[in-house]
Amino acid sequence: AVDLTAQTPQYYNYENVGTSSNTFPLGQAAGKAVQWLFLAGDFNQPAPLPAGNQITKIYLYLSSGGSRTYTNFQVLMAQDVITSFTVGQFYSGTMDTVYYSPSVTLSGSTNAWLQITLDTPYPYDPTKSLIVMVGQCAGAGSGMYVRQNVLTPYRRIWSVGGCPFVPYSGGDGSVVNFGVDVEPAVNLTPTHLYYKFEDNMTGNMTPNCAAPGVGTNPAPYANVTVTPGGQFDSCITGTGVASSGVTTGWNWDMGSSSWTISLWMEIPSSTTGTAHYLFGDPGSGSFRCFHNGVAGQDNILLRGTGLADVTVTGIGPAPTVVTFVYDSTTTTIKAFKNGVLAVTSPQAPLNMTTGTGFKFGGYSTSVSFIGKVDECRIYNRALSDAEVAASWNQDIPCGTVTGIGNKNFEIPQSYMLSQNYPNPFNPVTKINFAIPKSGFVTLKVYNVLGKEVATLINAQKNAGSYIIDFDASNLTSGVYFYKLEVNGFVDTKKMIVIK
């Protein structure tokens with residue numbers, strides 16, 4: 001995460017200018033945290049940072065180089081419309097942990113940039129202020145002072161030293177010379193259809209997790225079963241029965257525009273002459289995808305009127321994510337296997353007619369697939385090679401909710417246990433979870449040995465979204481796990497207590 005040969009950042013506020021050199025927070029042996037406030041427009045060197053980007057790396061300019069090994073080094077970020085801190089108070093809004101290491105050595109040269117690659121890219125809005133918090137609980141070594149400019153009003157708040165971080169009673173206008181590298185921000189949530197086939201579905205209905213989504217939500221499925229063994233959890237299993245699959249309630253209407261279709265599958269190795277359909281819409285130029293039949297053993301075939309056949313080989317019987325990308329600007333269909341480009345198929349410009357009913361796991365009343373299917377996604381654009389590589393093995397959260405009648409509230413479409421925030425934390429963190437139907441909920445915390453250390457919920461709860469505060473004051477520093485159980489749904493996540 002640390003580049004010892006760091007170059008000049010893409011965008012920054014100041015380089016080797018400024019009247020202040022300071023040991024906060026990198027040069028403090030006992031630990032220190034600092035929050036800096038960067039106003040909209042501050043990152044204007046060598047040009048203003050444009051909209052539509054996410055921060056991937058940060059840079060601190062060192063007025064005095066050195067090397068230190070830090071304990072519990074962390075970087076947090078937030079954006080807001082504030083233009084000044086409140087004296088003696090850390091920023092009170094929600095902050096995202098974008099980098100954390102229990103132990104890391106940072107080294108840098110005098111009058112040079114120190115670079116840190118974030119664990120999680122941070123979407124940046126240039127119309128808002130950026131709050132950055134850098135903290136560490138102990139630092140053994142020498143040097144590592146940062147260059148600052150003294151501005152107005154209150155642009156810096158710092159801790160009294162050590163952990164936990166407690167704000168000092170003062171504050172000032174000192175702002176570190178700070179830079180960032182960015183890349184275009186992307187939203188990998190499917191725009192049209194996204195079926196996760198999680199094992200909490202009821203009534204032969206499955207939610208559409210796309211945003212904004214199209215068609216019926218939830219959508220009915222028939223002649224397939226929900227079983228374990230999907231890409232991330234459960235999936236649907238088909239046995240080749242006719243009129244199977246998910247009836248989406250949407251007619252394929254991409255016309256001549258770009259699109260992306262992706263799905264995880266585990267199909268048996270077979271030489272049967274019968275085609276078994278994975279998805280399709282008979283009204284849109286008989287657009288369909290199938291395995292077996294003329295596709296051949298261990299292959300799948302994408303076919304349609306006006307579309308040159310696209311065959312992807314070597315599919316069965318190993319689990320494989322196949323992604324088809326049609327780019328209208330190049331009139332090319334690319335097929336990827338597990339995020340890696342496998343086929344490039346030049347096409348005549350496609351202009352597919354509006355369909356009569358798109359199905360995943362089937363095609364019209366024909367026989368369905370044999371095997372397993374999961375993570376079915378459709379986008380109304382051509383994903384880039386990098387986006388395919390980044391998303392094929394990513395469990396994208398469910399992005400939709402449904403209103404109930406005329407009431408002004410929403411219930412979740414699926415069960416969900418979110419990562420606690422902040423994480424790492426001391427001593428209090430928040431745990432979010434959602435349940436689409438009422439049930440008896442248990443939420444418990446365990447140590448690394450599997451011993452229960454806290455029961456947060458053990459009660460009947462109505463459908464809805466919940467936020468639980470967990471106070472770890474009585475726990476020692478370390479790794480813990482929290483586990484949610486309700487209506488047969490079970491999920492566990494890790495959290496870190498720092499003291």
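**Cysteines and a covered strand**

Me: What makes Cys289 count as buried or exposed?

Reply: This is a predicted model, and the values are computed from it. Cys289 has a relative accessible area of 0%. Buried means under 20%, so Cys289 is called buried.

Me: What about Cys235: buried or exposed?

Reply: Cys235 has a relative accessible area of 0%. The cut-off for buried is under 20%, so Cys235 is buried. Cys235 is in no disulfide either: the nearest cysteine sulfur, that of Cys376, is 10 Å away.

Me: Which cysteines are joined by a disulfide, and how do you know?

Reply: Cys137 and Cys163 are joined, with an S to S distance of 1.9 Å. The limit is 2.5 Å, so the pair is called a disulfide. By this rule the count comes to one disulfide. In general, a disulfide is a covalent bond between the sulfur atoms of two cysteines.

Me: What makes the disulfide of Cys137 and Cys163 left-handed or right-handed?

Reply: The torsion about the S-S bond is about -90 degrees, so this disulfide is left-handed.

Me: Which parts does the pair Cys137 and Cys163 tie together?

Reply: Cys137 is in the loop between strands S9 (129–136) and S10 (138–142), and Cys163 is in the loop between strands S12 (156–158) and S13 (174–176). The pair therefore ties together parts that are 26 residues apart in sequence.

Me: Why is Cys163 called partly exposed?

Reply: Cys163 has a relative accessible area of 26%. Buried is under 20% and exposed is over 50%, so Cys163 falls in between.

Me: What makes strand S30 mostly covered?

Reply: Strand S30 (residues 370–379) has 10 residues, and eight of them are buried.

Me: How do you know that strand S21 pairs with S30?

Reply: Pairing takes at least two bridges. Six bridges join S21 (residues 259–266) to S30, so the two strands pair, and they run antiparallel. Glu266 stands opposite Lys372 in S30.

Me: How many bridges join strand S19 to S30?

Reply: Four bridges join S19 (residues 234–239) to S30, again antiparallel. Thr239 stands opposite Ile370 in S30.

How values were computed
Residues are numbered from 1 along each chain as its sequence is written. This is a predicted model: local features need pLDDT of at least 70, side-chain atom pairs count only at pLDDT 80 or more; totals for chains, interfaces and linings use all residues. Side-chain values use heavy atoms; hydrogens and water are left out. Buried means under 20% relative accessible area, exposed over 50%, partly exposed in between (1.4 Å probe, protein chains only).
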